[in-house]
Amino acid sequence: MARIAVVIPNWNGARLLEGCLSSLRRQTFRSFETVVVDGGSEDGSAELVRASFPEVRLLELGENRGFAAAANAGIRASSSELVALLNNDTEQDPGWLEALARAADAHPEAGMLASKLVNFRDRRYLDGAGDAIRLSGLPYRLGHGERDRGQFDRPAYVFGACGAAALYRRRMLDEIGLFDEDFGSYCEDADLSFRAQLAGYRCLYVPEAVVYHVGSASTGGKRSATATRLGTRNSLLLLAKNLPLSVAPHLLPFFVAGQAARLLTAAATGTLRPHLEGLAEAARMLPAALARRRGIQRSRRLPEAEVRRLLRASSLDAAVSLARRIRDRATGG
């Protein structure tokens, strides 16, 4: 049995799949299987996999159910000890899986492991070095847009792993559950990371596990209407499900400021309508999120004081990273 199952959700990503799957063939770690979960693509994705990558398991859903549902289908279809989730718009360094497997062995306390994401088009810049969550409640990808000067070349514990290239222990997923399919896409990885942290699992960032990432290739970019609507909606559901009630007053001023800033940004970038649609959808989906919340909070192992400490540390990491990104832009990198 393969030790790692690499699950790749795909929807109309034929132009991306060839590079992604070809780079998996060059992995130095060999005890893995690849599962492509296709969500009813109409661009020949399934035919490409069958014709050019016969070693890959192809799971066809017949329709686009969103990233979370596709990831869950791939996880359920496999039985390996470890599950690697991978976006189709990535290429992997040959040592990617080997670095993750080695780190998983050395750190049994880590239920999740985050990769070092590098900008696909300009590899002088980072795309992410693990996920953070700010006191405003908004997720942030550490290192995103920063010039790579070695500032993320050491392993570190972070809030969560970006689902573009992450490794999960199956026993953790069996305990806390898989991705929330109501999220569809966006923040589904942050939601899983929050649930894992509350259950007592940690996330380790592994700098040797390098992946080159295009980003938002299936949704038209991070400022698209789809990305804006889903990001707005799901970032609110994330807090509704996971934030302990006693912690909420400590975050309230930052949350209000963050939501105001997000509203102004949407107005300035021409995405106000999808932002408002996301708010309305969050309100409609709130009862279901609160129902899930009860089970999450009942099984929480992390004391509330530790939750506050985790959020403060994560928010500080995000603030430092954002400051470096602003400096790089101001100085031309």
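1. Leaving aside neighbours within four places in sequence, Phe-254 is in contact with Leu-135 and Ser-136. Ser-136 is 118 residues away in sequence. In space, the C-alpha atoms of Phe-254 and Ser-136 are 4.5 Å apart. Note that this is a predicted model. Phe-254 sits in helix 8. Its relative accessibility is 42%, so Phe-254 counts as partly exposed.

2. Stay with helix 8 and look at its packing. Helix 8 covers residues 248-268, and helix 9 covers residues 272-298. Their axes come within 7 Å and cross at roughly 140°. On the helix 8 side, the contact uses Gln-259, Arg-262, Leu-263, Ala-266 and Ala-267. On the helix 9 side, Leu-272, His-275, Leu-276 and Leu-279 take part. What is the make-up of the residues in this contact: how many are nonpolar, polar and charged? Six are nonpolar, two are polar and one is charged.

3. Next, helix 7, residues 225-242. It has 18 residues. From first C-alpha to last, helix 7 reaches 26 Å, close to the 26 Å expected at 1.5 Å a residue. Is helix 7 largely enclosed or largely open? Of its 18 residues, 15 are buried, so helix 7 is largely enclosed by the rest of the structure.

4. Which way does strand 6 run against strand 12, parallel or antiparallel? Strand 6, residues 110-119, runs parallel to strand 12, and eight bridges join the two.

5. Strand 5, residues 90-92, is antiparallel to strand 12, with three bridges between them. There, Glu-91 has Tyr-212 of strand 12 as its bridge partner. Strand 10, residues 156-158, is also joined to strand 12 by three bridges and runs antiparallel to it. Here the bridge partner of Val-158 is Cys-203 in strand 12.

6. Is Ser-45 buried or exposed? With a relative accessibility of 1%, Ser-45 counts as buried, because the cut-off for buried is under 20%. Its side chain makes a polar contact of 3.1 Å with the side chain of Asn-10. The Ser-45 side chain also reaches the backbone nitrogen of Ala-14, at 3.2 Å. Beyond residues up to four places away in sequence, Ser-45 touches Asn-10, Asn-12, Gly-13, Ala-14, Leu-17 and Asp-38.

7. Last, Glu-63. This residue lies in the loop between strand 3 (57-60) and helix 3 (67-76). At 45% relative accessibility, Glu-63 counts as partly exposed. Which residues does Glu-63 touch, not counting those up to four places away in sequence? They are Gly-39 and Gly-40. Cys-187 is 124 residues from Glu-63 along the chain. The C-alpha atoms of Glu-63 and Cys-187 are separated by 21 Å.

Definitions and conventions: Residues are numbered from 1 along each chain as its sequence is written. This is a predicted model: local features need pLDDT of at least 70, side-chain atom pairs count only at pLDDT 80 or more; totals for chains, interfaces and linings use all residues. Side-chain values use heavy atoms; hydrogens and water are left out. Axes are lines fitted to C-alpha atoms, for helices over the stretch in contact, and angles run from 0 to 180 degrees between N-to-C directions. Helices (H or I, at least four residues) and strands (E, at least two) are DSSP runs, numbered from the N terminus. Contact means heavy atoms within 4.5 Å. Ala, Val, Leu, Ile, Met, Phe, Trp, Tyr, Cys and Pro count as nonpolar, Asp, Glu, Lys and Arg as charged, and the others, Gly among them, as polar. Buried means under 20% relative accessible area, exposed over 50%, partly exposed in between (1.4 Å probe, protein chains only). A polar contact is a pair of N or O atoms within 3.5 Å; within protein, one must be able to donate a hydrogen and the other to accept it, and residues adjacent in sequence count only if both atoms are side-chain atoms. The expected span of a helix is 1.5 Å times one less than its number of residues. Two strands pair if DSSP finds at least two bridges between them.
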